[in-house]
Amino acid sequence: MTPEPSPRLVGDLAYLSEHADGARHVVWWGNLGFMLIEGTGFLLAIGAYLYLQSQSPAWPPGGDALPGLTWSGFFTGGLLLSVIPNIWVLRQARQKREGRVRIGVLAMTLIGLTLAVVRWFELQHLGVRWDHDAYGSVVWLLMVLHTSHIVTDLGDTAVQAAWLYTHEVGADQFSDVEDNANYWSFVVLAWLPIYGLIYWLPRLA
Amino acid sequence: MIALPTPEEAVQRRARLEQTWADPKGVWGFLTTVDHKRIAARYIVTVIALMFLAGMLALHMRLQLAFPDLKILGPQMYNESFSLHGSTMLFLVSVPVMEAMAIWLVPLMLGQRGMAYPRLAAFSYWLYLGGVMMLWIPHVLGITPDLGWFEYPPLSGPGYSPGHRADIWAQMITFTEVAALAASVNIVATIIKLRPPGMTLARMPLFLWAMLVASLMTIFALPAVMLVTSMLISDRLVSTHFFAPAGGGDVLLFQHLFWFFGHPEVYIIFVPAVGFVTAIVETFSRRTIFGHTALVLSVLSIGVLAFGLWVHHMFAVGLPRLGNAFYTAASMAIALPAGLQIFCWIATLWSGRPRFATPLLWVVGFILTFVIGGLSGIMTASAPLDLQLTDTYFIVAHFHYVLVGGAMFPLIGALCYWYPKATGRMMSERWGVLAFALIFGGFNLGFFPMHILGLEGMPRRIYTYSAGMGWGPLNLVATTGSATSIVGGLVLVANAWISRKHGTPAGANPWGGSTLEWWASSPPPTYNFEYTPVVESIAPLWTDKDGLPVMTGAGVERREVVVTSAIDAVPLYRQKGASPSIWPLVAGIAVTAMFVGSIFTPWAVVWGALPIGAALTGWFWPQRPRARTGPFARRAA
Amino acid sequence: MGRPAAMTRTRSILPILLTWLLGGCTDLQSAISPAGEQAGRLFSLLQLITWVCGIMYALVLLFLGWSMVRVWRRTGGDDAPIVDPADRGLSRSMLVWAGLIVGGLTLLITASFLADRHLASLRSEEVLRVRVTGHQWWWRIAYRDSTTGRWIETANELHLPAGRTARVELGSSDVIHSFWVPNVAGKLDVIPGRANSLDLTPHRIGWFRGQCAEFCGAQHAHMAFDVKVESPADFALWLAAQASPAALPADPVLARGAAIVTEGACAMCHAVRGTPAAGRPGPDLTHVGSRRSIAAGTLTMSRGALQGWIANPKALKPGTTMPTVPLDGADADAVAAYLESLK
């Protein structure tokens with residue numbers, strides 16, 4: 001039986017801070033993990049879209065209308081523009097500027113709300129029902145997946161904004177704002193290929 | 001200069017640590033605990049109960065097939081049995097038990113006091129339990145899913161399976177996959193960010209590499225099954241046409257998406273077993289594992305390669321030949337890393353100074369059994385030959401050999417190996433050998449004949465066969481063997497149960513292991529370790545001639561874990577640990593309500609989101625003081 | 001006496017045991033008793049892979065066994081554990097082991113690829129076209145008459161001319177099934193919305209059996225079909241007989257049976273060519289009396305089997321879509337006699 005080793009002191013960790021920024025923080029990695037999961041889901045749904053398209057003689061199949069460009073254009077434009085305040089909030093969080101972060105997250109909440117409303121109209125103009133055919137089903141699949149991200153991130157941002165105002169803003173809260181901003185960037189990036197596939201592939205193919 | 005406390009101070013310090021990491025008493029403590037050891041224990045208990053139930057289903061099926069034309073189980077009951085058996089074993093036992101072992105062992109092997117996200121671990125269990133109930137309560141109510149563990153449309157579509165059985169199966173998967181994803185993210189973050197100072201990736205034990213790879217595989221594989229089962233429910237509930245040829249859908253889309261998950265799934269089950277086997281072989285050979293680098297590389301390559309094989313489950317579907325040839329080559333190629341692993345383990349035994357005990361016996365059983373499964377896998381990997389083998393009892397034999405031999409045997413070995421650490425007692429060696437003999441012998445007697453039955457034309461998933469086929473004698477042998485192994489399972493569980501009170505007391509390191517979990521006492525206190533260990537080699541407990549190097553400074557009065565850098569494990573900061581909380585349970589209940597509701601109406605997704613949002617709001621409710629600046633500042637007196 | 005007798009007894013038990021275990025297997029639905037080109041090639045491939053895998057397993061057993069024996073004699077105990085030794089000999093051995101594995105896998109991948117290519121090259125142009133449609137839980141089988149271009153329909157029994165290639169065009173009317181005649185070829189799934197075709201080139205004359213090999217619902221276990229491989233001359237005779245209309249009833253009992261079958265409820269689902277019965281949902285009954293079994297291989301053909309099946313299909317095949325048609329004793333006898341006469 002190996003004798004139990006007695007400990008030998010080689011250092012003390014009390015000097016370590018109780019906070020960390022960016023990738024040093026353990027929660028950052030959970031956020032990344034979530035993005036990997038959702039990103040994989042998006043990629044697979046895109047794969048399903050392309051698979052069904054490859055099996056179909058025409059895309060959209062004969063008789064189906066093309067999805068409307070107006071509301072989707074508003075949405076995509078708005079989403080891309082939202083990157084600017086998003087990056088700004090991210091910078092303010094890194095610099096730990098309390099007042100600006102509060103305003104920025106509130107602004108992102110309002111922007112998210114607006115985009116959700118635009119998305120609502122966009123969904124009315126997809127040109128096909130989910131139960132009409134496989135084309136309709138997979139277009140709605142992609143839209144529902146992405147919309148759920150818009151909505152949940154909006155919820156996150158709104159609650160975060162509220163608590164930034166009602167409670168003290170500490171180092172962990174700046175990390176949370178950073179993580180949320182990163183997730184919004186992910187939501188924007190995920191939209192781009194989906195937008196291209198749904199709205200432009202049928203028009204170009 | 002900080003010094004270690006005196007013995008009297010140490011006693012007080014331990015008492016304060018115990019207090020800081022303690023759970024509330026009684027039922028409230030049970031419901032709110034975030035102690036990874038308690039959470040893992042409840043997973044293991046649930047898994048053992050489910051294995052018993054799945055085993056009873058299997059026994060029932062084997063009794064029905066023992067002779068031709070029996071009427072013990074009619075077609076409906078039989079079809080429910082194999083569906084429930086397969087779904088339980090794959091979704092509710094095999095993957096969750098590996099996660100449970102990780103939840104218990106990873107912090108201990110890292111010298112840490114908890115996982116990266118303690119409340120998420122609690123939530124994983126509650127959601128897993130929801131999945132268990134999602135499958136088994138309908139069974140009690142008589143609406144058991146009955147289309148197998150991978151319900152292919154159109155059979156599982158709205159046209160051929162009215163009612164809710166197929167939806168129940170699909171939604172059970174959603175539960176267990178969310179739980180598995182949550183656990184996997186937790187495990188990855190813990191292994192990457194919560195390593196002890198000095199445990200660089202090069203010094204990380206293979207078990208942690210294995211869990212890291214298995215968890216990353218989970219993150220990339222499980223979304224596929226969540227997506228495909230949601231698409232199936234959608235076809236059934238809101239008339240989408242994903243898998244309906246009449247509407248432009250494709251039946252094979254289901255199979256591609258399902259097996260994109262399904263193949264990595266079986267490696268997700270096998271890779272942690274590689275970790276168990278390596279740990280046991282190392283300790284019982286009393287030498288550091290031979291070929292550590294080869295083993296790490298083999299685990300990484302399996303993790304990647306496993307994603308490129310899924311079409312081998314679809315060789316009989318009629319896909320283009322050249323595509324099939326690619327998947328044949330890839331499926332055979334994965335035998336290389338597996339074969340190298342076998343070499344490394346045997347080479348370690350060869351060149352070690354071994355001690356013989358039950359865990360090592362299970363490793364030997366694993367090698368003897370898993371290799372047969374791997375070799376029958378080589379046979380099925382050949383696309384043309386697979387056309388004779390797939391969907392027959394040959395495949396049933398193959399996957400039981402790799403799952404039982406490759407995952408269950410190492411798991412049992414691991415349970416015997418870490419049992420003293422978890423309970424403070426040794427299991428009985430004598431009864432352990434008996435259990436091994438019954439399980440190992442019974443399993444091989446039960447499943448080897450199935451290879452022959454498959455070659456003799458017996459398809460799988462048939463509830464009976466006629467005497468004229470001549471399959472009776474081998475089926476009888478298979479039934480006898482299976483029954484024997486079930487008896488062995490009962491002996492094993494009885495041994496574990498009785499040894500809790502009557503086993504020989506075990507010290508901290510009864511087997512003489514080299515990794516950090518053997519430094520904690522048996523069983524570990526709530527706080528696991530008194531000090532933060534510092535790692536200077538790959539076998540810390542074997543290379544500490546002057547005593548194990550430690551650091552003080554991780555909090556005593558509040559829960560803290562030490563977070564280090566991803567590659568070199570340099571201490572970065574002290575993260576506040578989560579206290580016991582009811583919110584994981586509340587959130588679990590809210591998610592369960594939404595999942596169950598969405599079988600019946602799509603609006604459940606919308607309405608169900610509200611309680612979930614509320615639960616998450618409670619979960620993350622700020623624990624810091626109210627604002628003193630800004631428009632909502634509290635004007636303090 | 002004593003030892004020699006015991007040894008004799010043991011030596012005679014083993015063959016008896018093996019015979020009991022394997023001899024019962026009737027070889028009419030067996031992948032290891034090939035009666036066709038495709039199955040024959042696959043059987044050779046199986047033998048090669050089994051040898052290679054057997055050798056690898058033996059090597060693993062040897063290595064493991066040798067390790068156990070080698071270290072059994074060493075004392076474990078209180079010697080300090082070995083940490084990170086040089087292991088040069090073992091590292092070299094590992095490379096050899098890796099080489100063996102790579103060599104074995106290369107051999108097998110090549111063998112598999114060659115077998116696949118050979119099977120593809122067997123696809124001849126001059127084939128007998130057969131259309132097989134999977135239903136829950138029976139097989140619709142139709143032959144293309146190359147002279148007239150018509151499809152000659154039957155059910156649950158497949159006849160094949162020896163030495164010729166039959167191209168089976170597979171379709172499903174409902175869910176996924178799988179068409180498998182192991183003695184002749186590997187299986188191929190029958191998938192709605194997808195056109196698969198499988199070539200069968202039998203060379204041994206005799207009766208064989210095929211069975212559905214993809215779970216398709218309640219009676220998947222009872223979805224088999226008989227396969228008769230016969231000389232091309234016999235096959236031509238059989239096909240001509242199948243193409244002809246139903247035999248006319250020769251006596252009053254048969255006429256009574258014919259009336260019930262071709263003008264009653266049966267005609268809604270079954271076809272009897274040459275009579276008013278032209279139902280499509282169920283198997284064609286024009287020459288049902290000539291078949292070896294009924295209910296997709298579930299019962300051996302006999303008048304009693306027909307009668308029992310018709311009287312209560314759900315008792316024999318719970319979940320079947322064939323309804324129970326109530327017939328009194330005399331009518332039941334007449335129907336069974338009539339169907340048996342439809343040779």
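The largest nonpolar core holds 372 residues. A nonpolar core is a set of buried Ala, Val, Leu, Ile, Met, Phe, Trp, Tyr and Cys residues joined through C-beta atoms within 7 Å. Buried means that 20 or more other C-beta atoms lie within 10 Å of a residue's own, with C-beta atoms placed from the backbone. B:I103 and B:V106 have the most contacts inside this core. Two residues are in contact if their C-beta atoms, placed from the backbone, lie within 7 Å. Beyond its neighbours within four places in sequence, B:V106 touches B:M115, B:I187, B:T190, B:I191, B:L208 and B:M211.

This is a predicted model: local features need pLDDT of at least 70, side-chain atom pairs count only at pLDDT 80 or more, and totals for chains, interfaces and linings use all residues. Residues are numbered from 1 along each chain as its sequence is written, while chains are lettered from A and ligands numbered from 1 in the order in which they are written.

Now the chains. No contact joins chain A and chain C. Their closest C-alpha atoms lie 7 Å apart.

Chain C has eight helices and twelve strands. These are DSSP runs, numbered from the N terminus: helices are H or I with at least four residues, strands E with at least two. The C-alpha atoms of chain C fill a box of roughly 95 × 55 × 40 Å along the principal axes. Of its 343 residues, 41% count as buried. Among contacts in chain C with a separation of 6 or more, 65% come from residues 24 or more positions apart.

Terms used:
A residue is buried if 20 or more other C-beta atoms lie within 10 Å of its own, exposed if 12 or fewer, and partly exposed in between; C-beta atoms are placed from the backbone.
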